[in-house]
Amino acid sequence: MRLLTEFQEKDAAAIGKELHLFASQLYPICRSITGDGIRRTLAMIAERIPLRISEVPTGTEVFDWTVPKEWNIRDAYIKDAGGTRVVDFQRLNLHVLNYSTPVRATMSLGELRPHLLTIAEHPDWIPYRTSYYKESWGFCLSHNQMLAMKDGDYEVCIDSTLREGHLTYGECLLPGASDEEVLISCHACHPSLANDNLSGLVVATALAELLSGGEHRYSYRFLFIPGTIGAITWLARNHGGVGRIKHGLVLSGIGDAGGFHYKKSRQGNAEIDAAMAHALRHCGEPSEILEFSPYGYDERQYCSPGFNLPVGCLMRSVWGTFPEYHTSADNLDFIKPKQLANSLRVCATIVDILENNRRYRNLNPYCEPQLGKRDLYRSTGGEDISTDINARLWVLNFSDGQHSLLDIAERSGLPFSTIASAADLLRQSGLLVAVPGQKADQVADQITGNIAEVTSFR
Ligand SMILES: [Zn+2]
């Protein structure tokens, strides 16, 4: 299977537009780590891909954490003495401190002020703030809005509920030939924020749609979960099965105009780390590889020492480093169709690498085989002839059972897709045979009849 080819056959501009459109449909929903906002979001994703929804009751112990009370909100405002809503949740859901306890009161500006959150450096932006684990209430507003509030009494209302309920997450499992898994995880708990949250959700959904059409060697598990507590809850409930996860990726903040950043897994030398470094080097955009650190998105949980799963994190601009982060400026203008589409393209490239990366043995290792007499001294299409033949020579030379196709791609400087196509052709010509590797390889071999020889060179 070549997902990248499938992707390239489509119109990238149309894909970007469609991704952005889906983000704009999800944008108005007031999500949180629990409640109806995340349920509605998951229901919209479920219209596109098969999604199993789990509901975990409040109070459930998950490792060192406890599933919190469920939060729902219907309305919130601050009204001035004239009855005008000077802060209005209906205009933008960021206006309420996420997880605010219910409030109905009339109070002076002085009493209200400790509950008002602003960003003085960006006086027109509204901050996104939460208080999940400490019961509190508050309003987020632009600094200029706050400066415009005159002394006097204000009517304050937060029509929310915080009570026993559930934590909700969604899971899409696309079974492959093997039960070994690739995990794709993204958080779905942020309200009207586009890059941090929605970009990951829409790209992951589109990747699952692309994958669900074809056969694949690995099984793919997509998680749409509330950040931190969702990943912890999922890991607690699936502790026994995580050994199946051979590669994993957290997707977040992949829609802005910045270049790519990939944060390596805690292992640092996992196949996903090498695959991502390779994919980004050839993606045509600036990119940077970051070492693992125990702070960030849900890779922190997957890479906690007890699990130490091979899970990295793909971002564009790194969270916390751009001023729009966790503010109303992370809106639908901040994410771009072109960047969303290219992020999906990188994900498709990664799938192709993981699906096709294996070790082969050259059955004709004594000097170069004569390519001409096998009709291999010709181009197969897109690339110029010298690139195609060069790729075949690289594959033949390094297919000693030790080097994977990804190793060869890295060493040759050629894109993985070119090396993998060369290997396909050489295998069909009887010059290469696959070496048994992990379980997913063996299952793939049974399907294709591609049985390996295990003798070594003498
Ligand atoms: Zn965030």
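Trainee: Why does Thr 349 count as buried?

Mentor: Thr 349 has a relative accessibility of 16%, and buried means under 20% relative accessible area, exposed over 50% and partly exposed in between, with a 1.4 Å probe and protein chains only, so Thr 349 counts as buried. Please keep in mind that this is a predicted model, in which local features need pLDDT of at least 70 and side-chain atom pairs count only at pLDDT 80 or more, while totals for chains, interfaces and linings use all residues. Residues are numbered from 1 along each chain as its sequence is written, and side-chain values use heavy atoms, with hydrogens and water left out.

Trainee: Which residues does Thr 349 touch, not counting residues up to four places away in sequence?

Mentor: Thr 349, which lies in helix H10, touches Leu 4 and Ala 279 when those sequence neighbours are not counted, where contact means heavy atoms within 4.5 Å. Helices (H or I, at least four residues) and strands (E, at least two) are DSSP runs, numbered from the N terminus.

Trainee: What makes H2 and H10 roughly perpendicular to each other?

Mentor: The axes of helix H2 (residues 12-26) and H10 come within 7 Å and cross at roughly 105°. Axes are lines fitted to C-alpha atoms, for helices over the stretch in contact, and angles run from 0 to 180 degrees between N-to-C directions. Angles under 35 degrees count as roughly parallel, over 145 as roughly antiparallel, 65 to 115 as roughly perpendicular and the rest as oblique, and H2 and H10 are therefore roughly perpendicular.

Trainee: Which residues of H2 and H10 meet?

Mentor: Ala 12, Ile 15, Gly 16, Lys 17, Leu 19 and His 20 in H2 meet Pro 337, Leu 340, Ala 341 and Leu 344 in H10.

Trainee: How many aromatic pairs does a search of the whole structure find?

Mentor: The search finds 12 aromatic pairs. In one of them, Trp 65 and Tyr 133 lie 5.6 Å apart, centre to centre, with 75° between the planes. Rings of Phe, Tyr and Trp (its six-membered ring) pair if their centres lie within 6.5 Å, and planes under 30 degrees apart count as stacked, over 60 as edge-to-face and the rest as tilted, so the pair of Trp 65 and Tyr 133 is edge-to-face.

Trainee: Why is Tyr 133 called partly exposed?

Mentor: Tyr 133 has 47% relative accessibility, and therefore counts as partly exposed by the limits given above.
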